[in-house]
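Here is a short tour for anyone meeting this structure for the first time. Have a look at the sequence and the model, then read on.

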Amino acid sequence: MLKDPQIYLLLLTTFALLIRIFKKEEHRQLFLILTSGLFIFIISPPALLLVLFNTALIRLARNNYRYLPKKWAFPFSALIPFAVLIYFRIASIENYYWVSLGMTFYSLKSFAMFIDTVVNKKSYSLREQLLTNMFFPCYSSGPVVYPKHFQKFEFSIKKDLIGMIRICLGIFKADFISGIFINGMITSYYGSFLSEEQAGSFHQGLAFTYLKFLYTYMNFSGYSDIAIGAGQLLGVKVPENFNLPILAHSPQEFWRRWHITLGDWVTQYLFFPLLTVYRRFKKLAGPASTFTAFLLLGLWHEISLGYFLWGVGHGVLLASNQLVKMKSMKLPRLKQFFENSGISFLCRITTVTAAAFLQTLANLHDATHIKLYILKLMGF
């Protein structure tokens, strides 16, 4: 969304000033729908048409799913939020990125609102659905927001200052640290790392892995900072999305620190429903639900070998982590072993290295590069 940061900041500043003219929350919500629609239209007119189509489709499914055969009504309707996304994932469409801009995130939010309405008996107006799906600071890269985040708008000089600082920090992280510094190091020192002609070594592969992970982390968390700061200027409290994941000492803690809003969505709308499906597995229901949830999450990111391996890898790590925690509850010595400072430090290094390895795999889209990367990481 920051193809031209100057235009983004100019529009944001204008919208932040104009929204304060309105006194009623409903009018502020409508203003944000209109300005978000304008913003998306400037970036990609087809993307605006698709988000409006998706929202209309969800409301249609919500209001009419009872008329379908009982056995298929709920599963069929629940898949509708992802129907367009699946089509774009499978079909080969020109200018795919700009046409489908934001689709991965508003499909999640549409699914959540559908489940909340049908299962949890909540009620969302068309205005709430449109604003949740279209809110422009979070439209393309998150964090994941819900209708509850737009119920109350708060403005103050302190919030404005914090918002501007977060935006500046985000631009610095995404454009300078990630885009220039880390990307420059990768290009200069490892530009030909994945070529068949260049020999590889373990330490080179490890350095390449950490740099690719840091690039993703700084870039992604930078965009989250910008979204949170923009939300502050618009009176919206956008939830935090990163909390120093490099300090995580286990896969579970990593996902409490990395893309926090996505992790919360997975827990609420994938993990808990899957628990009911796997309840016959008893003690293994939790690990089985976690593995399945992250396998699906990998395919949600992208239908590719890299993200399939990413989903399988995180699913295995998290399921194993759950099994170890279950064992440690029965074996106090095992719990004390992991609480040892030296072992805890080793767990942190292992967790971050595993996450970095999986993230690097995800960013390698074809089998040839994945094979080369693994072989060079092994020193071949």
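## Salt bridges

Let's begin with a term: a salt bridge is a side-chain nitrogen of Lys or Arg within 4 Å of a carboxyl oxygen of Asp or Glu. This is a predicted model, where local features need pLDDT of at least 70 and side-chain atom pairs count only at pLDDT 80 or more, while totals for chains, interfaces and linings use all residues. Residues are numbered from 1 along each chain as its sequence is written, and side-chain values use heavy atoms, with hydrogens and water left out.

How many salt bridges does the structure hold? There are 8. One of them joins the side chains of D160 and R20, at 2.8 Å from N to O. This pair links distant parts of the chain, 140 residues apart: D160 sits in helix α8 (residues 157–190), and R20 in the loop between α1 (5–18) and α2 (25–43). Helices here are DSSP runs of H or I with at least four residues, strands are E runs of at least two, and both are numbered from the N terminus. D160 counts as buried at 15% relative accessibility, whereas R20 is partly exposed at 25%. As for those words, buried means under 20% relative accessible area, exposed means over 50%, and partly exposed is in between (1.4 Å probe, protein chains only).

## A charged network

Next up is R166, which forms a salt bridge with E240, the closest N and O atoms being 3.0 Å apart. R166 lies in helix α8 and E240 in the loop between α9 and α10, so this pair ties together parts that are 74 residues apart in sequence. Salt bridges that share partners bring R166, K173, D225 and E240 into one network. Is R166 buried or exposed? R166 counts as buried, at 17% relative accessibility, while E240 is partly exposed at 40%.

K152 and E154 make another salt bridge, with their closest N and O atoms 3.5 Å apart. Here K152 is exposed, with a relative accessible area of 56%, and E154 is partly exposed at 36%.

## The nonpolar core

Now for the inside. In soluble globular proteins, nonpolar side chains tend to be buried together. A nonpolar core, as used here, is a set of buried Ala, Val, Leu, Ile, Met, Phe, Trp, Tyr and Cys residues joined through side-chain atoms within 4.5 Å. The largest one in this model has 96 residues, and F135, W255 and W265 have the most contacts inside it. Helix α9 (residues 202–233) gives the most to this core, with 11 residues.

Which residues does W265 touch, not counting those up to four places away in sequence? They are F82, L108, F111, A112, Y146 and L270. Contact simply means heavy atoms within 4.5 Å.

## Around T261 and P143

T261 is part of helix α11 (residues 260–277), and T261 is buried, with a relative accessible area of 5%. Leaving aside neighbours within four places in sequence, T261 is in contact with P143, V144, Y146, P239, E240 and N241.

One of those partners, P143, has a backbone feature to look at. Most residues other than glycine have a negative phi, and most peptide bonds are trans. The bond from G142 to P143 is cis, with omega near 0°, and P143 lies in the loop between α7 (126–134) and α8.

## Two loops with positive phi

L244 is not a glycine, but its phi is positive, near 50°. L244 is in the loop between α9 and α10 and is partly exposed, with a relative accessible area of 43%. N243 lies in that loop between α9 and α10 (251–257) too, and N243 touches R257 and I260, not counting residues up to four places away in sequence.

K282 also has a positive phi, about 55°, although K282 is not a glycine. Its place is the loop between α11 and α12, and K282 counts as exposed, at 69% relative accessibility.

## The loop between α12 and α13

Finally, S304 lies in the loop between α12 (285–301) and α13 (305–330). S304 is buried, with a relative accessible area of 12%. A polar atom of the S304 side chain lies 3.3 Å from the backbone nitrogen of Y307. I303 is found in the loop between α12 and α13 as well.

Definitions and conventions
Polar contact = N/O pair within 3.5 Å; in protein donor to acceptor, adjacent residues only side chain to side chain.
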